[in-house]
Amino acid sequence: KSNQSKAMKLAVKKYPESYTSSNRGRTKQIVKYGLKFQGKWELTFYEYCLTSNIKILRTNEGFPYNWNGDRTYFPDFYLPDLDVYIEVKGYEVERDTAKWRDFPKTLIVIKKEQMKSIVKNTFDLVTYIGSVA
């Protein structure tokens, strides 16, 4: 098991493009726009950015963190014009706290409250980033 774990970590480090959203999460995968989304919230956030003219990319850049050993975290999205990474999160567990604590760049976590505002069309991402960054 240990050797397999080491081999997988090395493979992800050498070939980050091989890591996809299908490797994670508990939600139903949705394929749209030629991308894979882990659930409706990720897709809704992506579409919010498209309609708001916010450039959004799926990220395949991994960031190291420590939680019961060395691991790699892949945020959901990157907004290059704002230089912000985005995590769309329906529920939070102890492991998430470790990922976010060790994250070396600006990370914004979009949770249920923000998703409700996005659906109601009352959300302003730039204002929200300014209030939490």
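Helices (H or I, at least four residues) and strands (E, at least two) are DSSP runs, numbered from the N terminus. The model is predicted, so local features need pLDDT of at least 70 and side-chain atom pairs count only at pLDDT 80 or more, while totals for chains, interfaces and linings use all residues. Residues are numbered from 1 along each chain as its sequence is written, and side-chain values use heavy atoms, with hydrogens and water left out.

**Exercise 1. Check the length of helix α2: what span should its twelve residues have?**

Step 1. Recall the rule: the expected span is 1.5 Å times one less than the number of residues.

Step 2. Apply the rule to residues 40-51, which should span 16 Å. The end C-alpha atoms of α2 are 16 Å apart, so the two values agree.

Step 3. Find the buried residues of α2: Glu42, Leu43, Phe45, Tyr46, Tyr48 and Cys49.

Step 4. Move on to Asn53, which follows α2 and has a positive phi, near 55°.

**Exercise 2. Work out the open sheet: in what order do its four strands stand?**

Step 1. Strands pair if DSSP finds at least two bridges between them. The order here is β3-β6-β7-β8, with mixed pairing.

Step 2. Find the edges: β3 (57-58) and β8 (107-110) each have a single partner strand, so one side of each is left without a neighbour in the sheet.

Step 3. Zoom in on one pair: β3 and β6 (residues 77-79) are antiparallel, joined over two bridges. Leu57 has Tyr78 of β6 as its bridge partner.

Step 4. Continue to Thr59, in the loop between β3 and β4 (63-66). Thr59 has a relative accessible area of 10%, so it is buried. Contact means heavy atoms within 4.5 Å; beyond residues up to four places away in sequence, Thr59 touches Pro75, Asp76, Phe77, Tyr78 and Tyr85.

**Exercise 3. Compare the sides of helix α5 (residues 125-132): which of its residues are buried?**

Step 1. Pick out Leu125, Tyr128 and Ile129, which are buried.

Step 2. See what the buried residues of α5 pack against: α2, β6, β7, β8 and α4 (112-119).

**Exercise 4. Examine Lys89: is this residue buried or exposed?**

Step 1. Locate Lys89 in the loop between β7 (84-88) and α3 (94-101).

Step 2. Apply the cut-off: at 12% relative accessibility, Lys89 counts as buried.

Step 3. List its contacts, leaving aside neighbours within four places in sequence: among them are Trp41, Asp96 and Trp100.

How values were computed:
Buried < 20%, exposed > 50% of the residue type's maximum accessible area, 1.4 Å probe, protein only.
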